[in-house]
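Here is a short briefing for a first look. Start with the picture, then take the points topic by topic.

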Amino acid sequence: MAKVKKASESLTIMTNIVLPNETNSLRNLFGGELLAKMDRCASISAARHCERRVVTASVNHVSFNHPIPEGGVVVLESKVSRAFSTSMEVYVDVWLDDPINQKKIHTNEGIYTFVAVDEFNRPIPIPDMIPETEEEILRHAAAIRRKELSLILSGRMKPLDSVELKKLFQEPEDVKESKKDKK
Ligand SMILES: CC(C)(COP(=O)(O)OP(=O)(O)OC[C@H]1O[C@@H](n2cnc3c(N)ncnc32)[C@H](O)[C@@H]1OP(=O)(O)O)[C@@H](O)C(=O)NCCC(=O)NCCS
């Protein structure tokens, strides 16, 4: 598929208020409720990017940095951070929004992988994605390492077959050479 899209074209924003039946015993938003909202938001971004039906292939990372209280206004923002052949990484940022004091706290983030599928659930090619902002460029660059890690953790790739992850643990050739010279 030759089409190329911008990250911003997949931007999805979902705003919700936390209701009592979504909270835990501390009256904060229950983690599983938040995960479901994040998955929904991310899946819309993925579908917006590839204009196809998508399925969640993996949840690569979720962090819970700050509790979200009952009555709180939760804003989820997701965008495709990198498109591969048939799969794409989607980043979800979650904010607790205080509309009265006009303050926003970044409470969570999650990183998902979606795959575009045809009517027989077979993976199909997706458009490439161009990052534009500084944040989009950073997330795009790191996505290949997260994909390799996710494939390793799911048993789909042998650690020794990784390319980008291995580079993190290998010394660059020029450093190796200069060490040899000193011996
Ligand atoms: C996701 C699914 C379609 C992949 O099908 P598959 O036959 O294994 O396909 P492939 O091995 O060709 O993988 C397809 C793509 O997904 C990627 N992928 C698969 N599992 C992955 C994982 N755990 N982490 C990261 N990427 C993954 C592959 O790397 C490949 O990416 P690429 O084509 O962009 O390089 C299939 O496993 C499935 O239907 N899973 C169930 C999905 C589901 O029910 N989700 C929850 C409800 S929506």
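**Overview**

Helices (H or I, at least four residues) and strands (E, at least two) are DSSP runs, numbered from the N terminus. The model is predicted: local features need pLDDT of at least 70, side-chain atom pairs count only at pLDDT 80 or more, and totals for chains, interfaces and linings use all residues. Residues are numbered from 1 along each chain as its sequence is written.

**Record**

- An unreviewed UniProt entry lists residues 8-120 as "domain: HotDog ACOT-type".
- UniProt positions follow the numbering used here, feature names are shortened, and annotations may be inferred rather than shown by experiment.

**The sheet**

- Five strands make an open, antiparallel sheet, in the order S2-S4-S5-S6-S3.
- Strand S2 (12-17) and S3 are the edge strands, each pairing on one side only.
- From one strand to the next, the twist averages 25°.
- Angles run from 0 to 180 degrees between N-to-C directions, and axes are lines fitted to C-alpha atoms, for helices over the stretch in contact.
- Two strands count as paired if DSSP finds at least two bridges between them.
- Strand S5 (residues 87-98) and S6 run antiparallel, joined by twelve bridges.
- Tyr 91 has Ile 111 of S6 as its bridge partner.
- H2 packs on the sheet and touches S3, S4, S5 and S6. The direction of H2 makes about 85° with that of S4.
- Contact means that the C-beta atoms of two residues, placed from the backbone, lie within 7 Å.

**Around the ligand**

- The ligand is surrounded by 18 residues. The closest are Phe 84, Ser 85, Thr 86, Ser 87 and Ser 150.
- A residue is near a molecule if its C-beta atom, placed from the backbone, lies within 6 Å of it.
- S3, strand S6 (103-117) and helix H2 (134-153) each supply at least two residues of the shell.
- S3 gives the most, with four residues.
- The shell has seven nonpolar, nine polar and two charged residues.
- Ala, Val, Leu, Ile, Met, Phe, Trp, Tyr, Cys and Pro count as nonpolar, Asp, Glu, Lys and Arg as charged, and the others, Gly among them, as polar.

**Gly 71**

- Gly 71 sits in the loop between strand S3 (53-64) and strand S4 (73-83).
- Leaving out residues up to four places away in sequence, Gly 71 touches Ile 17 and Val 18.
- Gly 71 and Val 18 are 53 residues apart in sequence, but 4.9 Å apart in space, C-alpha to C-alpha.
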